[in-house]
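Thank you all for making time this morning. I would like to walk you through one model, so please have the sequence and the coordinates open as I speak.

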Amino acid sequence: MTVTNNVTRFLDSRKVKYIAYELPAEKLGALEAAQILGVSSEQVFKTIVTKREKGKPVLAVIPGPRVVDLKALASFLGEKKMHLPTEREAEQLTGLQAGGISPLALINKGFQVVIDSASEAFEDIYISGGQRGLNIRLGVKDLIQLVNARVAFVSKND
């Protein structure tokens, strides 16, 4: 039985093509998820919550093996500085568990979404389905359109 949640219902209602994958329900990083899915870790994207000095947090969607480049993100957004909240703060800000934070689960919640330009190398990418244990494969263009994302180089090698 496939997991159904608000994200899958939303995608179904918009008639978006996607494939849902059930993974172990513990907190997995993008690299572990890629191994289980049998795909390149570069194609599994993680959602990183970042904070501005003032205003709503920003969701940076970046390739699994990379880290968010806070300077590049701040520069792109016209901010002086961006900060990484603690995992607990990220959960409080989003209402989602770490390992299950997804821009698709936060549509209409006022979060700005920036997807790393590395996504443009793929037709489809894998992202969290809004809960631990659920990963969604969908078209990059669909994701950008659904979450009203902007695309920029906002990640770097660790």
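This is a predicted model: local features need pLDDT of at least 70, side-chain atom pairs count only at pLDDT 80 or more; totals for chains, interfaces and linings use all residues.

Helix 1 runs over residues 6-13, and within it V7, T8, F10 and L11 are buried. Those residues lie on the same side of helix 1 because they cover an arc of only 160 degrees around the axis. The face turned away from that buried side carries N6 and S13, which are exposed. As for what covers the buried residues of helix 1, the list includes strand 1, at 18-22, together with strand 8, at 134-139, and helix 5, at 140-146.

The two ends of the helix also deserve a word. At the start of helix 1, a side-chain oxygen of N5 comes to within 2.9 Å of the backbone nitrogen of V7, and just after helix 1, K15 adopts a positive phi of about 55 degrees.

Now to the largest pocket, whose volume is about 610 Å³. Its lining is made up of 33 residues, and those nearest the centre are K27, K46, T47, I48 and G99. Which elements give two or more residues to this lining? They are helix 2 (30-37), strand 2 (45-52), strand 4 (66-68), helix 4 (87-94) and strand 8, and of these strand 2 gives the most, with 5 residues. Sorted by class, the lining of the largest pocket comprises 18 nonpolar, 9 polar and 6 charged residues.

Notes. Residues are numbered from 1 along each chain as its sequence is written. Side-chain values use heavy atoms; hydrogens and water are left out. Buried means under 20% relative accessible area, exposed over 50%, partly exposed in between (1.4 Å probe, protein chains only). Helices (H or I, at least four residues) and strands (E, at least two) are DSSP runs, numbered from the N terminus. The arc is that of the directions from the helix axis to the C-beta atoms. Contact means heavy atoms within 4.5 Å. A polar contact is a pair of N or O atoms within 3.5 Å; within protein, one must be able to donate a hydrogen and the other to accept it, and residues adjacent in sequence count only if both atoms are side-chain atoms. On a 1 Å grid over the protein atoms alone, a cavity is a set of points where a 1.4 Å probe fits but cannot get out, and a pocket is an open set with protein on both sides within 12 Å along at least five of seven lines; lining residues have an atom within 4 Å of a point. Grid points are joined across faces, edges and corners, and a volume is the space filled by probe spheres set on the points. Ala, Val, Leu, Ile, Met, Phe, Trp, Tyr, Cys and Pro count as nonpolar, Asp, Glu, Lys and Arg as charged, and the others, Gly among them, as polar.
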